[in-house]
Amino acid sequence: MIEYAFTRRNLTSTILYKDIASNIDLEDKKNRKILGEKAMSKIADDTIFSSPLKSMLVAGKAAYRFEQLESELVSRLISKNIRANYRIRPENRHSIINNTLTFLKEGSPYHLYRFDVQNFFEEICTKDIINKLLSDGKCPRHTIVLLNNFFRSLNAQTIAGLPRGIGLSSTLAEFVLLEFDSFFKTRAEIFYFARFVDDILIITSPNQSASSLNSLVDQKLAPLKAHKVGSKSAAIHIGKISHESETQECFDYLGYKFKVYGKPSSTDKVMGIMRRKIDVEISPKKILKIKNRIIDSFIEYIKKPPDKKSYDLLTNRIKTLTGNYYITDATTGIPIKTGIFFNYAAKNFFESCSLSNLDAFLRGLLYSKRHKLSLRITSQLTPAQVNQLIGFTFSRGFHERVFHSFTHPQLREIKEGWKR
């Protein structure tokens, strides 16, 4: 059993780059020491989770954060203990997409299924988590006691399941599905299994029936439930590749739209073996989200009389959407590339593609003489400003990997204008 005890040193070791960025006083070791001692004191008198979580709305769903940093530090150490003892290491989105593409290109026939867990965080039973931790005997007792105290505070606030936005919730959600993942990864008829949070992809042998797999998913996921219909699910049969095949099957997964062909790629071969043709596009849902953010950026601009400051902010928002930039990893402070190319680097389809669609949408907002919003926008922009804004394009941002530079305060202000 691995145990990171709830000492001042271990608690202050969980202070992240984002904490120091938000509170510059934490650069001083003395202040970090005081914070750690304050957390230990609250653990001792059983008040570490007594302050209510602060709620907010993220993507239309309730999310939360701790009001007090000492509560956050204790939650992080609880998470660290659970992750260490259960070897929880979630795979990142880019790795999953690359591995998925490798399996999709196989020329042999297969079935493909996609599932999405309904109300994932909200439906998780916290009592079951405690019971499982106790019965396994893998986790330090003090960790389980503190976790139980956290769950009691959630009950007092009538928060169902696990609160979104809390790092500990993400660890516990992974913990809940450990056995589910292990079961499907070890079945002989399953060629490939991937899960990113609550989004599941399974590629099976043609001998695996849909009804049988659905039953297994229901059984192993219970008491949670998966979507079986709609855009969050898919059940597709992919036949053996053939030059004569005209079949095409589509599904969305992790921000991409995949089109799987029955015919081989004309350029992709491995050691002389044909590979299946796969087109990868940005998903329609993500395109809509980007369009909504373009609209929100202009609406924020025309709310007030135009001035240089508001125009600069509008320009930065359009740059952010059409280009690429660095964000700082909240844990390490290491710069990470993000933006239109780095978020969708697997995209390989460029004929009348989503990038052209987005460019046309932006041009329409700036040049249309019929739409009321366009007329309001252009009435508050000079011709020179319109020409500057139209120079920022999604196509160039993607293909040329155009980079822009923003400070932390600038990025915070930029994203505050995006409601959707």
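Let's start with a pair of side chains: in this predicted model, Glu 122 and Arg 164 meet in a salt bridge, with N and O 2.7 Å apart. Side chains of opposite charge can pair when their charged atoms come close. Where do Glu 122 and Arg 164 lie? Glu 122 is in helix α6 (residues 120-123), while Arg 164 is in the loop between α8 (141-156) and α9 (167-176), so the bridge ties together parts that are 42 residues apart in sequence. Are these two buried or exposed? Glu 122 has a relative accessible area of 26%, so it is partly exposed. Arg 164 has 18% relative accessibility, and because buried means under 20%, Arg 164 counts as buried.

Now look for Arg 195, which forms a salt bridge with Glu 174; their closest N and O atoms are 2.8 Å apart. This pair also links distant parts of the chain: Arg 195 sits in strand β4 (residues 190-196) and Glu 174 in helix α9, 21 residues apart. Both Arg 195 and Glu 174 are buried.

One more pair to find is Lys 42 with Glu 70, whose side chains form a salt bridge at 2.9 Å, N to O. Lys 42 belongs to helix α3 (residues 29-44) and Glu 70 to helix α4 (residues 69-86), so parts 28 residues apart in sequence get tied together. Lys 42 and Glu 70 are both buried. How many salt bridges does the structure hold? The count is 17.

Next, head for the surface. Lys 61, Lys 232, Lys 285 and Lys 289 form a positive patch there. Take Lys 285, which you'll find in helix α12 (residues 284-302). Its relative accessibility is 64%, and since exposed means over 50%, Lys 285 counts as exposed.

Finally, zoom out to the whole chain. You can trace 18 helices and eleven strands, and the C-alpha atoms fill a box of roughly 65 × 65 × 40 Å along the principal axes. Of the 420 residues, 46% are buried. Among contacts with a separation of 6 or more, 69% are between residues 24 or more positions apart. The chain exposes about 22000 Å², and carbon and sulfur atoms supply 51% of that area.

How values were computed
Residues numbered from 1 in each chain as written. Predicted model: local features only at pLDDT ≥ 70, side-chain atom pairs only at ≥ 80, totals over all residues. Heavy atoms only, no water. Patch = residues over 30% accessible without salt bridge, like charges linked within 9 Å, V, L, I, M, F, W, Y side chains within 5 Å. Areas by Shrake-Rupley, 256 points an atom, 1.4 Å probe, with all protein chains shown as cover. Salt bridge = Lys/Arg side-chain N within 4 Å of Asp/Glu carboxyl O. Lys, Arg positive; Asp, Glu negative; His and termini not counted. Charge placed at Lys NZ, Arg CZ, Asp CG, Glu CD. Helix = DSSP H or I, 4+ residues; strand = E, 2+ residues; numbered from the N terminus. Buried < 20%, exposed > 50% of the residue type's maximum accessible area, 1.4 Å probe, protein only. Contact = heavy atoms within 4.5 Å.
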